[in-house]
Amino acid sequence: MIISDQQKKAISHKNGPALVLAVPGSGKTTVLLNRIIYLNNTQSVEYKQILNLTFSKTQATDMKTRFDSMTSNNKAVFSTIHAFAFNVIKLFSKKYKINLKLIEGNNIFNKYKLLKRIFYENYKSPPSNDDLDYFFANYSLMKNNMLNIDNFNSNHFINIAIKYEDYKKKNNLFDFDDMLTYAYNILKNNDDILRIIKRNYKYFQLDEGQDASLIQFKILELIAYPENNIYILADDDQSIYSFRGANPEYLLKINSIFKDIKYYYLNKNYRSTKDIVMLSDYIIKNNKERYLKTVESHNDEKTPIQIIKVKNIETQNIFISNKIFKLNNKENLAILFRNNISAYAIAFDLIKNKIQFNKRLNFNNNSLNIVLQDLNNIIDFALDNSNLELFKSIYYKLNLYLKKDYIYGLNIGFNKSILDTILDDSYIKEYQKELVENLKFVLDKVVNLNLYNSIKLIFEELGYIEYISKHFENIPIKYIQEIILYFAKDYNTINELLKAFKNIESTLKNKNFNTSNIFISTIHQSKGLEYDNVLLIDLVDGEFPIYSDKASNLEEERRLFYVGITRAKKQLYLVFPKYRYNTKVKPSKFFNEIKKINK
Ligand SMILES: Nc1ncnc2c1ncn2[C@@H]1O[C@H](COP(=O)(O)OP(=O)(O)OP(=O)(O)O)[C@@H](O)[C@H]1O
């Protein structure tokens, strides 16, 4: 590899703050690693005095492996920001003999368990997984953006957050998000600890700077002061973690914090063909909140981007299988998508066809699980209509307009049907009677139909889908209906279907097959990586971009699309299913932006 002049300029930045603004595939990591060697050769900075920070463990290990292959010196420090913050806390705990304990992972102080208890004590009912995820998302935003509990409007959040904070404080516990605030406060208020860090490190390099949150930048400012040997590599167009508190605004205004900051630009993309580079540049120019950049491609090869229209999940899967079938073993292929849920439909087919694959997913989407579990309960109730416990778990999801007190007070005779008991009740209103009669009619049919038709009937004839769409915001309900029916075709009973689903889920959670050249990944998890062939699938409006009132969210969605496109080295396929559960849907808005390029 011949280091370009642009890269050389950035590598030979000596002292003081610098921001390297780069386009995708322009060699940011290459620059960061070469600068370590440069500082050592020309400035006599010891390797161990340069702290190289990034966000994920994978990225930190990846950097270390690449660095080890460049030099035999293994003293350079590569760390995630959280690991660095953790070390600061450990230093402090040791020095002041305070036994602070982390409540992440599976130990007895697990934060989910703790929060469940707090929810239960407050509301006398257990929280759903969505409640917990929602709380922690807001909590994380609060900590990363250095906000206080009273900056929030929701009494519910404030109430739970105060109790969560109190409990942790009293018991010397901290969680993943506290790591950053604790480390910041320790460094700010304890000169002795700050001095130790400053003695150890003289230079700081931050990769993927667009992902850093306010608190992370503030920690960097503290430890680098007054020399400010901060070197940040970033592509603001690849900032896709605002939901976790990433704050590209800080980068856009960095010259007001470091007046003497030097800017470097890397605008040549070494990864992708010209067509891919041009397309990505065209798309991202629709964003307003960004540094303007020009981009060039190193590879002039022509590989037109292919826009593929498919009918539905099934035909999308056929398209994917064909591409896998034709793949030569010297190349790799990634199937990328916006939502975790897409992984299930693909994995279903790959497992069936015994094709091994690697995956990079983040598991926080359990809407498919919820719907499957409800279907299981409804079908079980159809088979056992005197089971009051089962009925209690589903009646409120079927829009029957029956009150909890009424259901819990029902007196069911031995082996008597619950629905018949309700229908016999003379106090029940006419409209309620009609709904219960309809439920009875549907459930009687469910008992005799095959699984596929039973599920279809439940989806279409009961108030269940209406309930789910109302109670779970942003749930891609039509997509979920289609996936479930796609699975259901292959099974006779709901239990078999659930078993197959659990099998898919555990395959998705299992370790990777490192020898496979097929990857399935969310776009978020594909950042920093590259593949010969990329299939960006499920490009349906409302799913990607997801609907939002805020213009800034559309910009973030566009950045995500941009990250997806720019993972491709040679071939890029943009795949759009025209139907979701037999309903015609619109292609992703981003296709309109692409259309303009062809005019
Ligand atoms: N000067 C160069 N000549 C040839 N290839 C290069 C050069 N610099 C980098 N590359 C190659 O370009 C590809 C992209 O580099 P790298 O992954 O470091 O980019 P990046 O800027 O971190 O990308 P992204 O922001 O999209 O993750 C790699 O395959 C790398 O080996």
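**Entry 1. Helix 10**

I started with helix 10 and listed its buried residues: Ile-215, Gln-216, Phe-217, Ile-219, Leu-220, Glu-221, Leu-222, Ile-223 and Ala-224. Buried means under 20% relative accessible area, exposed over 50%, and partly exposed in between, with a 1.4 Å probe and protein chains only. I took helices (H or I, at least four residues) and strands (E, at least two) as DSSP runs, numbered from the N terminus. Helix 10 covers residues 214–224, and nine of its eleven residues are buried, so the rest of the structure largely encloses it.

I noted the ground rules here. The model is predicted, so local features need pLDDT of at least 70 and side-chain atom pairs count only at pLDDT 80 or more, while totals for chains, interfaces and linings use all residues. Residues are numbered from 1 along each chain as its sequence is written, and side-chain values use heavy atoms, with hydrogens and water left out.

I looked up the cis peptide bonds next. One joins Tyr-225 and Pro-226, with omega about 0 degrees. Pro-226 sits in the loop between helix 10 and strand 7 (230–234). Another joins Phe-544 and Pro-545, with omega about 5 degrees. I found Pro-545 in the loop between strand 15 (531–536) and helix 25 (551–565).

Then I checked phi. Most residues other than glycine have a negative phi, and most peptide bonds are trans. Asp-538 has a positive phi, near 55 degrees. Asp-538 lies in the loop between strand 15 and helix 25. Its relative accessible area is 4%, so Asp-538 is buried. Ser-44 also has a positive phi near 55 degrees. I placed Ser-44 in the loop between helix 2 and strand 2 (50–54). Is Ser-44 buried or exposed? Ser-44 counts as exposed because its relative accessibility is 61%.

**Entry 2. Thr-29**

I stepped back into helix 2 (residues 28–43), which holds Thr-29. Thr-29 counts as buried because its relative accessibility is 17%. Contact means heavy atoms within 4.5 Å. Not counting residues up to four places away in sequence, Thr-29 touches Met-63, Arg-66 and Asp-207.

**Entry 3. Domains**

I wrote down the division of the chain: domain 1 (5–86 + 181–266), domain 2 (101–171), domain 3 (296–357 + 514–597) and domain 4 (366–497). These bounds come from an automatic or database domain assignment. The centres of domain 3 and domain 4, taken over C-alpha atoms, are 35 Å apart. Their contact takes 18 residues from domain 3 and 18 residues from domain 4.

**Entry 4. Nonpolar cores**

I defined a nonpolar core as a set of buried Ala, Val, Leu, Ile, Met, Phe, Trp, Tyr and Cys residues joined through side-chain atoms within 4.5 Å. The largest has 83 residues, and Ile-335, Phe-391, Ile-455 and Ile-484 touch the most other members. Where does this core lie? It lies between domain 3 and domain 4, because both give residues to it.

Leaving aside neighbours within four places in sequence, Ile-335 is in contact with Ile-320, Ile-324, Ile-346, Ile-518, Phe-519, Ile-520, Ser-521, Leu-535 and Ile-537. A second, separate core has 42 residues, including Ile-89, Ile-186, Leu-206 and Tyr-250.

**Entry 5. Phe-487**

I found Phe-487 in helix 22 (residues 477–488). Phe-487 counts as buried because its relative accessibility is 1%. Not counting residues up to four places away in sequence, Phe-487 touches Tyr-344, Ala-345, Phe-348, Leu-497, Phe-501 and Ile-504.

I ended with the second largest pocket, whose volume is about 370 Å³. Of its 16 lining residues, Lys-143, Asn-148, Glu-165, Thr-181 and Asn-185 are the closest to its centre. A pocket here is an open set of points on a 1 Å grid over the protein atoms alone, where a 1.4 Å probe fits, with protein on both sides within 12 Å along at least five of seven lines; lining residues have an atom within 4 Å of a point. Volume is the space filled by probe spheres set on the points, which are joined across faces, edges and corners.

Which helix gives the largest share of the lining? Helix 8 does, with five residues. Domain 1 and domain 2 each give at least three residues.
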